[in-house]
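The sequence and structure come before the description.

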Amino acid sequence: MWTNWAGTVSADVTAVRPGTVRELVRTVADAAEHGRAIKPIGAGHSFTAIAETGGVQLRLDRLSGIVRADRATGLVTVLAGTPLHALNDALWQLGLALTNLGDIDVQTISGAISTGTHGTGAKLGGIATQVRALEIITGDGERRRCSADENPELFAAARVGLGALGVLATVTLQCEPAYALAAAEAPGTLDETLATLDEQLVGNDHFEFYWFPHTRRVLTKRNNRVLPGTPLRPLGRARHWLDDEFLSNTVFDRVNRVTTRRPQLIPRANALATRLLGARDYIDRSYRVFASPRTVRFREMEYAVPRAAVPQVLAEIERWFARSGTQVGFPIEVRFAAADDIWLSTATGRDSGYIAVHQYVRREYEPYFRAVEAIAADVDGRPHWGKIHYRDAASLRGTYSRLDEFAALRDKLDPQRIFTNAYLERVLGG
(Lines give C-alpha, C1' and ligand atoms only; values in the text may rest on other atoms or scores of the structure.)
Protein backbone atom coordinates (compact mmCIF):
# COMPACT_ATOMS: atom_id res chain seq x y z
CA MET A 1 0.00 0.00 0.00
CA TRP A 2 1.45 3.34 -1.11
CA THR A 3 0.43 6.70 0.39
CA ASN A 4 1.62 10.14 -0.65
CA TRP A 5 3.26 12.63 1.75
CA ALA A 6 0.05 14.53 2.48
CA GLY A 7 -2.06 11.42 3.03
CA THR A 8 -4.52 12.52 0.34
CA VAL A 9 -3.91 9.55 -2.00
CA SER A 10 -3.26 5.87 -1.36
CA ALA A 11 -3.22 2.86 -3.65
CA ASP A 12 -2.50 -0.85 -3.63
CA VAL A 13 0.36 -1.18 -6.12
CA THR A 14 2.92 -3.61 -7.49
CA ALA A 15 6.25 -1.83 -6.97
CA VAL A 16 9.18 -2.19 -9.35
CA ARG A 17 12.57 -0.53 -8.74
CA PRO A 18 14.71 -0.53 -11.91
CA GLY A 19 18.39 0.00 -11.25
CA THR A 20 19.44 1.06 -14.75
CA VAL A 21 17.88 2.89 -17.67
CA ARG A 22 17.95 -0.37 -19.63
CA GLU A 23 15.90 -2.04 -16.92
CA LEU A 24 13.53 0.91 -17.01
CA VAL A 25 13.08 0.55 -20.78
CA ARG A 26 12.44 -3.19 -20.47
CA THR A 27 9.89 -2.66 -17.70
CA VAL A 28 7.93 -0.07 -19.69
CA ALA A 29 8.13 -2.15 -22.89
CA ASP A 30 6.81 -5.20 -21.02
CA ALA A 31 3.90 -3.17 -19.63
CA ALA A 32 3.12 -1.89 -23.13
CA GLU A 33 3.27 -5.38 -24.61
CA HIS A 34 0.79 -6.70 -22.07
CA GLY A 35 -1.36 -3.57 -21.83
CA ARG A 36 -0.68 -3.06 -18.12
CA ALA A 37 -0.99 0.28 -16.38
CA ILE A 38 2.33 1.67 -15.16
CA LYS A 39 3.23 4.94 -13.41
CA PRO A 40 6.51 6.38 -12.14
CA ILE A 41 6.69 7.78 -8.61
CA GLY A 42 9.30 10.06 -7.14
CA ALA A 43 9.03 11.38 -3.59
CA GLY A 44 5.22 11.26 -3.55
CA HIS A 45 5.04 14.94 -2.62
CA SER A 46 2.21 15.83 -4.99
CA PHE A 47 -1.08 16.47 -3.22
CA THR A 48 -3.13 15.40 -6.25
CA ALA A 49 -3.55 11.86 -7.57
CA ILE A 50 -1.29 12.65 -10.54
CA ALA A 51 0.94 9.63 -9.78
CA GLU A 52 -1.73 7.23 -8.57
CA THR A 53 -1.96 3.77 -10.13
CA GLY A 54 -3.56 0.49 -9.30
CA GLY A 55 -1.05 -1.27 -11.53
CA VAL A 56 2.75 -1.23 -11.65
CA GLN A 57 4.41 1.59 -9.73
CA LEU A 58 7.88 2.49 -10.98
CA ARG A 59 9.96 3.61 -8.02
CA LEU A 60 12.90 5.56 -9.37
CA ASP A 61 15.00 5.88 -6.21
CA ARG A 62 17.72 3.60 -7.64
CA LEU A 63 17.96 5.78 -10.77
CA SER A 64 19.72 8.60 -8.96
CA GLY A 65 22.87 10.62 -9.50
CA ILE A 66 24.77 12.66 -12.06
CA VAL A 67 25.48 10.90 -15.36
CA ARG A 68 27.75 13.57 -16.84
CA ALA A 69 28.67 17.17 -16.13
CA ASP A 70 30.44 19.79 -18.25
CA ARG A 71 31.72 22.60 -16.04
CA ALA A 72 32.59 24.73 -19.04
CA THR A 73 29.05 24.80 -20.46
CA GLY A 74 27.19 24.14 -17.22
CA LEU A 75 25.24 21.29 -18.81
CA VAL A 76 24.58 18.47 -16.35
CA THR A 77 22.70 15.25 -17.10
CA VAL A 78 21.11 13.47 -14.15
CA LEU A 79 19.05 10.34 -13.68
CA ALA A 80 15.34 11.03 -13.29
CA GLY A 81 15.02 9.73 -9.73
CA THR A 82 17.63 12.10 -8.30
CA PRO A 83 16.24 14.00 -5.28
CA LEU A 84 16.72 17.76 -5.47
CA HIS A 85 18.55 17.91 -2.15
CA ALA A 86 21.07 15.30 -3.33
CA LEU A 87 21.45 17.04 -6.69
CA ASN A 88 22.10 20.40 -5.05
CA ASP A 89 24.87 18.97 -2.87
CA ALA A 90 26.47 17.16 -5.83
CA LEU A 91 26.34 20.26 -8.03
CA TRP A 92 27.99 22.37 -5.35
CA GLN A 93 30.90 19.92 -5.19
CA LEU A 94 31.32 20.53 -8.93
CA GLY A 95 31.22 24.29 -8.48
CA LEU A 96 27.75 24.52 -10.04
CA ALA A 97 24.19 25.36 -9.01
CA LEU A 98 20.68 25.64 -10.40
CA THR A 99 19.45 29.14 -11.23
CA ASN A 100 16.26 28.90 -9.23
CA LEU A 101 14.56 26.44 -6.88
CA GLY A 102 11.39 26.05 -4.89
CA ASP A 103 11.21 26.12 -1.11
CA ILE A 104 11.07 22.32 -0.71
CA ASP A 105 13.85 20.03 -1.92
CA VAL A 106 12.59 16.51 -1.21
CA GLN A 107 11.13 15.97 -4.70
CA THR A 108 12.91 14.11 -7.47
CA ILE A 109 14.03 16.15 -10.46
CA SER A 110 11.58 14.30 -12.73
CA GLY A 111 8.64 14.83 -10.39
CA ALA A 112 9.50 18.49 -9.88
CA ILE A 113 9.58 19.38 -13.56
CA SER A 114 6.68 17.14 -14.53
CA THR A 115 4.31 18.98 -12.18
CA GLY A 116 5.66 22.49 -12.86
CA THR A 117 7.51 23.10 -9.59
CA HIS A 118 8.83 26.66 -9.38
CA GLY A 119 10.49 29.12 -7.06
CA THR A 120 10.19 32.88 -7.04
CA GLY A 121 11.83 35.62 -9.07
CA ALA A 122 10.15 38.02 -11.47
CA LYS A 123 12.84 37.47 -14.11
CA LEU A 124 13.13 33.71 -13.58
CA GLY A 125 11.11 30.70 -14.69
CA GLY A 126 10.32 27.42 -12.98
CA ILE A 127 12.72 24.50 -12.75
CA ALA A 128 11.51 23.15 -16.10
CA THR A 129 12.85 26.25 -17.88
CA GLN A 130 16.35 25.13 -16.89
CA VAL A 131 15.94 21.82 -18.78
CA ARG A 132 17.89 21.53 -22.03
CA ALA A 133 17.22 17.90 -22.98
CA LEU A 134 15.21 14.88 -21.86
CA GLU A 135 15.29 11.15 -22.41
CA ILE A 136 11.80 9.72 -22.18
CA ILE A 137 10.44 6.16 -22.45
CA THR A 138 7.14 6.38 -24.31
CA GLY A 139 4.12 4.09 -24.29
CA ASP A 140 5.47 1.94 -27.10
CA GLY A 141 8.60 1.18 -25.10
CA GLU A 142 10.76 3.45 -27.25
CA ARG A 143 13.57 5.53 -25.73
CA ARG A 144 13.35 9.01 -27.22
CA ARG A 145 15.59 12.02 -26.78
CA CYS A 146 14.23 15.53 -27.14
CA SER A 147 15.58 19.07 -26.97
CA ALA A 148 14.95 22.42 -28.65
CA ASP A 149 16.65 21.00 -31.77
CA GLU A 150 15.69 17.33 -31.58
CA ASN A 151 11.99 16.44 -31.39
CA PRO A 152 11.14 20.03 -30.40
CA GLU A 153 7.39 19.38 -30.14
CA LEU A 154 7.97 16.63 -27.59
CA PHE A 155 10.41 18.87 -25.74
CA ALA A 156 7.88 21.72 -25.54
CA ALA A 157 5.33 19.35 -24.04
CA ALA A 158 7.39 16.95 -21.92
CA ARG A 159 9.19 19.50 -19.77
CA VAL A 160 5.91 19.78 -17.85
CA GLY A 161 4.51 16.46 -19.00
CA LEU A 162 2.37 15.39 -15.99
CA GLY A 163 3.68 11.85 -16.44
CA ALA A 164 1.24 11.50 -19.34
CA LEU A 165 3.69 11.21 -22.24
CA GLY A 166 6.10 8.65 -20.84
CA VAL A 167 8.63 7.95 -18.11
CA LEU A 168 11.60 10.30 -17.85
CA ALA A 169 14.94 8.49 -17.76
CA THR A 170 17.42 11.39 -17.74
CA VAL A 171 17.19 15.15 -17.51
CA THR A 172 19.85 17.56 -18.83
CA LEU A 173 19.92 20.85 -16.93
CA GLN A 174 21.52 24.19 -17.66
CA CYS A 175 23.46 25.02 -14.50
CA GLU A 176 25.69 27.95 -13.66
CA PRO A 177 28.68 28.65 -11.42
CA ALA A 178 27.85 28.07 -7.77
CA TYR A 179 26.71 31.23 -6.01
CA ALA A 180 25.62 32.43 -2.60
CA LEU A 181 22.52 34.38 -1.63
CA ALA A 182 22.03 37.09 0.94
CA ALA A 183 18.71 36.42 2.64
CA ALA A 184 16.74 39.20 4.30
CA GLU A 185 13.55 38.23 6.09
CA ALA A 186 11.44 40.81 7.86
CA PRO A 187 7.89 41.39 9.10
CA GLY A 188 5.78 44.03 7.38
CA THR A 189 2.25 45.03 6.53
CA LEU A 190 0.16 43.68 3.69
CA ASP A 191 -0.80 47.19 2.55
CA GLU A 192 2.79 48.41 2.29
CA THR A 193 3.93 45.20 0.60
CA LEU A 194 1.26 45.44 -2.10
CA ALA A 195 1.83 49.18 -2.57
CA THR A 196 5.54 48.59 -3.25
CA LEU A 197 5.19 45.26 -5.03
CA ASP A 198 6.52 46.38 -8.43
CA GLU A 199 9.52 47.97 -6.74
CA GLN A 200 10.21 44.79 -4.76
CA LEU A 201 10.01 42.59 -7.84
CA VAL A 202 12.39 44.78 -9.84
CA GLY A 203 14.78 45.39 -6.98
CA ASN A 204 15.32 41.81 -5.81
CA ASP A 205 16.47 38.63 -7.48
CA HIS A 206 13.91 36.64 -5.51
CA PHE A 207 10.98 38.13 -3.59
CA GLU A 208 8.06 36.48 -1.83
CA PHE A 209 5.83 37.10 1.13
CA TYR A 210 3.57 35.26 3.54
CA TRP A 211 0.29 36.87 4.54
CA PHE A 212 -1.18 35.75 7.87
CA PRO A 213 -4.97 35.56 7.47
CA HIS A 214 -7.16 37.61 9.82
CA THR A 215 -4.31 40.12 10.20
CA ARG A 216 -2.79 42.80 7.99
CA ARG A 217 0.69 41.44 8.69
CA VAL A 218 3.15 39.63 6.40
CA LEU A 219 6.60 38.12 6.50
CA THR A 220 8.70 39.19 3.50
CA LYS A 221 11.66 37.29 2.05
CA ARG A 222 14.25 38.89 -0.22
CA ASN A 223 17.10 36.75 -1.61
CA ASN A 224 19.83 38.43 -3.64
CA ARG A 225 23.10 37.24 -5.10
CA VAL A 226 26.36 38.36 -3.59
CA LEU A 227 29.69 38.83 -5.36
CA PRO A 228 31.83 35.71 -5.83
CA GLY A 229 34.16 35.29 -2.89
CA THR A 230 31.86 36.97 -0.39
CA PRO A 231 32.29 35.11 2.93
CA LEU A 232 29.33 32.99 3.92
CA ARG A 233 27.49 34.03 7.07
CA PRO A 234 24.94 31.25 7.61
CA LEU A 235 22.48 31.15 10.46
CA GLY A 236 23.98 29.87 13.66
CA ARG A 237 22.90 26.41 14.76
CA ALA A 238 20.92 27.83 17.67
CA ARG A 239 19.05 30.40 15.52
CA HIS A 240 18.39 27.83 12.80
CA TRP A 241 16.97 25.40 15.34
CA LEU A 242 14.86 28.06 17.05
CA ASP A 243 13.36 29.57 13.88
CA ASP A 244 13.21 26.70 11.39
CA GLU A 245 12.83 23.65 13.59
CA PHE A 246 11.22 24.78 16.84
CA LEU A 247 9.02 27.77 15.94
CA SER A 248 8.20 26.98 12.30
CA ASN A 249 7.61 23.26 12.84
CA THR A 250 7.36 22.00 16.43
CA VAL A 251 5.52 24.98 17.94
CA PHE A 252 3.53 25.57 14.76
CA ASP A 253 2.26 21.98 14.84
CA ARG A 254 1.24 22.28 18.48
CA VAL A 255 -0.54 25.56 17.84
CA ASN A 256 -2.45 23.99 14.97
CA ARG A 257 -3.48 21.06 17.15
CA VAL A 258 -4.90 23.48 19.71
CA THR A 259 -6.62 25.74 17.18
CA THR A 260 -8.14 22.74 15.41
CA ARG A 261 -10.14 22.18 18.59
CA ARG A 262 -10.67 25.91 19.20
CA PRO A 263 -10.69 27.76 15.83
CA GLN A 264 -11.72 31.01 17.52
CA LEU A 265 -8.12 31.30 18.75
CA ILE A 266 -6.67 31.40 15.21
CA PRO A 267 -6.69 35.20 14.68
CA ARG A 268 -4.79 35.74 17.95
CA ALA A 269 -2.39 32.90 17.14
CA ASN A 270 -1.67 34.40 13.70
CA ALA A 271 -1.06 37.83 15.21
CA LEU A 272 1.35 36.30 17.73
CA ALA A 273 3.19 34.40 14.98
CA THR A 274 3.94 37.64 13.12
CA ARG A 275 5.71 38.94 16.23
CA LEU A 276 7.65 35.75 16.98
CA LEU A 277 9.03 35.39 13.42
CA GLY A 278 11.17 38.51 13.45
CA ALA A 279 13.80 39.88 11.09
CA ARG A 280 16.92 37.93 10.24
CA ASP A 281 19.74 38.28 7.70
CA TYR A 282 22.28 35.70 6.58
CA ILE A 283 24.41 34.60 3.61
CA ASP A 284 24.64 30.98 2.56
CA ARG A 285 24.86 28.62 -0.39
CA SER A 286 22.00 29.31 -2.80
CA TYR A 287 20.20 26.01 -2.34
CA ARG A 288 20.35 26.26 1.45
CA VAL A 289 18.64 29.64 1.28
CA PHE A 290 15.97 28.48 -1.16
CA ALA A 291 14.76 25.41 0.74
CA SER A 292 13.31 25.14 4.24
CA PRO A 293 12.40 22.06 6.32
CA ARG A 294 8.71 21.12 6.40
CA THR A 295 7.58 18.61 9.02
CA VAL A 296 4.07 19.90 9.75
CA ARG A 297 1.62 18.01 7.54
CA PHE A 298 -0.80 20.09 5.51
CA ARG A 299 -2.95 20.16 2.37
CA GLU A 300 -2.21 22.74 -0.31
CA MET A 301 -3.73 24.45 -3.34
CA GLU A 302 -1.76 26.88 -5.49
CA TYR A 303 -2.95 29.04 -8.37
CA ALA A 304 -0.91 30.97 -10.93
CA VAL A 305 -2.67 34.21 -11.83
CA PRO A 306 -1.62 37.15 -14.01
CA ARG A 307 0.89 39.08 -11.94
CA ALA A 308 -1.21 42.26 -11.88
CA ALA A 309 -4.17 40.32 -10.41
CA VAL A 310 -2.41 39.34 -7.16
CA PRO A 311 -3.78 42.23 -5.01
CA GLN A 312 -7.32 41.61 -6.31
CA VAL A 313 -7.18 37.90 -5.53
CA LEU A 314 -5.88 38.48 -2.00
CA ALA A 315 -8.60 41.08 -1.37
CA GLU A 316 -11.28 38.65 -2.55
CA ILE A 317 -9.92 35.91 -0.29
CA GLU A 318 -10.01 38.30 2.66
CA ARG A 319 -13.62 39.20 1.87
CA TRP A 320 -14.51 35.51 1.71
CA PHE A 321 -12.98 34.97 5.17
CA ALA A 322 -15.23 37.74 6.50
CA ARG A 323 -18.37 36.37 4.79
CA SER A 324 -17.85 32.72 5.62
CA GLY A 325 -16.42 33.05 9.12
CA THR A 326 -13.74 30.52 8.16
CA GLN A 327 -10.59 30.70 10.31
CA VAL A 328 -7.28 29.70 8.70
CA GLY A 329 -4.07 29.29 10.69
CA PHE A 330 -1.63 28.74 7.80
CA PRO A 331 -0.14 31.81 6.12
CA ILE A 332 -0.86 32.39 2.42
CA GLU A 333 2.33 32.23 0.34
CA VAL A 334 2.78 34.61 -2.60
CA ARG A 335 5.54 34.14 -5.17
CA PHE A 336 6.33 35.28 -8.72
CA ALA A 337 7.76 33.90 -11.97
CA ALA A 338 8.52 35.02 -15.51
CA ALA A 339 6.58 33.87 -18.56
CA ASP A 340 7.80 30.79 -20.45
CA ASP A 341 6.87 28.82 -23.60
CA ILE A 342 6.25 25.35 -22.13
CA TRP A 343 2.85 24.07 -23.22
CA LEU A 344 1.39 23.15 -19.82
CA SER A 345 3.52 25.36 -17.59
CA THR A 346 1.39 27.47 -15.28
CA ALA A 347 3.42 30.48 -16.48
CA THR A 348 3.11 29.75 -20.19
CA GLY A 349 2.75 33.00 -22.10
CA ARG A 350 2.50 35.35 -19.14
CA ASP A 351 4.32 36.74 -16.11
CA SER A 352 2.67 35.14 -13.11
CA GLY A 353 1.97 35.53 -9.45
CA TYR A 354 1.49 32.35 -7.41
CA ILE A 355 -0.93 32.26 -4.51
CA ALA A 356 -0.66 29.14 -2.36
CA VAL A 357 -3.19 28.36 0.37
CA HIS A 358 -2.75 25.64 2.97
CA GLN A 359 -4.81 23.92 5.60
CA TYR A 360 -3.62 21.85 8.54
CA VAL A 361 -3.90 18.11 7.93
CA ARG A 362 -6.45 17.65 10.74
CA ARG A 363 -8.84 20.32 9.43
CA GLU A 364 -11.42 20.38 6.63
CA TYR A 365 -9.98 22.08 3.55
CA GLU A 366 -12.43 21.65 0.69
CA PRO A 367 -14.76 24.66 1.26
CA TYR A 368 -11.72 26.96 1.61
CA PHE A 369 -9.97 25.58 -1.44
CA ARG A 370 -13.09 25.66 -3.61
CA ALA A 371 -13.66 29.30 -2.67
CA VAL A 372 -10.07 30.24 -3.54
CA GLU A 373 -10.29 28.30 -6.80
CA ALA A 374 -13.41 30.22 -7.83
CA ILE A 375 -11.70 33.52 -7.05
CA ALA A 376 -8.58 32.56 -9.01
CA ALA A 377 -10.55 31.15 -11.94
CA ASP A 378 -12.30 34.52 -12.33
CA VAL A 379 -8.93 36.07 -13.28
CA ASP A 380 -7.91 33.16 -15.56
CA GLY A 381 -5.92 31.36 -12.87
CA ARG A 382 -4.14 28.08 -13.54
CA PRO A 383 -3.86 25.35 -10.89
CA HIS A 384 -0.54 23.81 -9.92
CA TRP A 385 -0.65 20.27 -11.34
CA GLY A 386 0.73 18.69 -8.18
CA LYS A 387 -1.53 20.51 -5.72
CA ILE A 388 -5.20 20.07 -4.92
CA HIS A 389 -7.68 21.52 -7.40
CA TYR A 390 -11.04 20.61 -8.91
CA ARG A 391 -10.64 21.63 -12.56
CA ASP A 392 -11.18 19.43 -15.61
CA ALA A 393 -10.21 19.55 -19.28
CA ALA A 394 -13.29 21.54 -20.28
CA SER A 395 -12.50 24.32 -17.81
CA LEU A 396 -8.75 24.27 -18.49
CA ARG A 397 -8.94 24.42 -22.27
CA GLY A 398 -9.60 28.16 -22.27
CA THR A 399 -6.47 28.98 -20.29
CA TYR A 400 -4.14 26.46 -22.00
CA SER A 401 -4.20 27.07 -25.75
CA ARG A 402 -2.04 23.97 -26.38
CA LEU A 403 -4.05 21.54 -24.23
CA ASP A 404 -5.62 19.77 -27.21
CA GLU A 405 -2.23 19.53 -28.92
CA PHE A 406 -0.80 18.00 -25.76
CA ALA A 407 -3.65 15.48 -25.64
CA ALA A 408 -3.08 14.59 -29.31
CA LEU A 409 0.63 14.03 -28.65
CA ARG A 410 -0.30 11.85 -25.71
CA ASP A 411 -2.51 9.73 -27.97
CA LYS A 412 0.42 9.31 -30.35
CA LEU A 413 3.02 8.41 -27.71
CA ASP A 414 0.79 6.37 -25.41
CA PRO A 415 -1.95 4.91 -27.61
CA GLN A 416 -2.82 2.22 -25.05
CA ARG A 417 -2.91 4.77 -22.22
CA ILE A 418 -0.64 2.67 -20.03
CA PHE A 419 0.44 5.84 -18.21
CA THR A 420 -3.05 7.16 -17.57
CA ASN A 421 -5.09 7.37 -14.37
CA ALA A 422 -8.27 9.08 -13.24
CA TYR A 423 -6.53 12.40 -12.60
CA LEU A 424 -5.05 12.59 -16.11
CA GLU A 425 -8.35 11.58 -17.69
CA ARG A 426 -9.99 14.47 -15.81
CA VAL A 427 -7.50 17.21 -16.68
CA LEU A 428 -6.62 16.06 -20.21
CA GLY A 429 -9.90 14.53 -21.32
CA GLY A 430 -10.87 10.89 -21.71
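Five strands make up an open sheet with antiparallel pairing, in the order S6-S7-S11-S9-S10. Strands here are DSSP runs of E with at least two residues, helices are DSSP runs of H or I with at least four residues, and both are numbered from the N terminus; two strands pair if DSSP finds at least two bridges between them. The edges are strand S6 (66-70) and S10, each of which pairs on one side only. From one strand to the next, the twist averages 15°. Axes are lines fitted to C-alpha atoms, for helices over the stretch in contact, and angles run from 0 to 180 degrees between N-to-C directions.

The model is predicted: local features need pLDDT of at least 70, side-chain atom pairs count only at pLDDT 80 or more, and totals for chains, interfaces and linings use all residues. Residues are numbered from 1 along each chain as its sequence is written, and side-chain values use heavy atoms, with hydrogens and water left out.

Strand S9 (residues 131-137) has six of its seven residues buried, so it is largely enclosed by the rest of the structure. Buried means under 20% relative accessible area, exposed means over 50%, and partly exposed lies in between (1.4 Å probe, protein chains only). S9 pairs in the antiparallel sense with strand S11 (residues 167-174) over six bridges, and Ile137 stands opposite Val167 of S11. S9 also pairs with strand S10 (residues 143-147), again antiparallel, over five bridges. In S10, Arg144 stands opposite Ile136, and Cys146 is the bridge partner of Leu134. Five residues separate S9 and S10 in a hairpin, and Gly141 in its turn has a positive phi of about 80°. Helix H2 (residues 84-93) lies across S6, strand S7 (75-79) and S11, and runs at about 35° to S6.

Contact means heavy atoms within 4.5 Å.

S18 (residues 332-337) is joined to strand S14 (residues 206-211) by three bridges, and the two strands run antiparallel. Within S18, Glu333 is the bridge partner of Tyr210, and Ile332 is that of Trp211. S18 and S19 pair in the antiparallel sense over five bridges, and the partner of Arg335 in S19 is Tyr354. Six of the six residues of S18 are buried. Ile332, Val334 and Phe336 point one way from the strand, while Glu333, Arg335 and Ala337 point the other way.

**Aromatic rings**

A pair of aromatic rings is described by the distance of the centres and the angle of the planes. The whole structure holds 14 aromatic pairs. Rings of Phe, Tyr and Trp (its six-membered ring) pair if their centres lie within 6.5 Å; planes under 30 degrees apart count as stacked, over 60 as edge-to-face and the rest as tilted. Two tilted pairs are listed below.

| Pair | Centre to centre | Angle between planes |
|---|---|---|
| Phe298 and Phe330 | 5.7 Å | 50° |
| Tyr365 and Phe369 | 5.2 Å | 45° |

Phe298 lies in S17 and Phe330 in the loop between helix H10 (310-324) and S18, so the pair ties together parts that are 32 residues apart in sequence. Phe298 and Phe330 are both buried, and Tyr365 and Phe369 are buried too. Tyr365 and Phe369 belong to one aromatic cluster with Trp211, Trp320, Phe321 and Tyr368.

Arginines also lie over ring faces: Arg370 over Tyr390, at 3.9 Å from the ring centre, and Arg382 over Tyr400, at 5.2 Å from the ring centre. A charge sits over a ring if NZ of Lys or CZ of Arg is within 6 Å of the ring centre and within 35 degrees of the ring normal.

**The chain overall**

The protein chain has 14 helices and 20 strands. Its radius of gyration is 21 Å, close to the 22 Å that the globule rule gives for 430 residues, so the chain is as compact as a globular protein of that length. The radius is taken over C-alpha atoms, and the rule is 2.2 Å times the number of residues to the power 0.38. The C-alpha trace spans about 60 × 50 × 40 Å along its principal axes. Of the 430 residues, 57% are buried.
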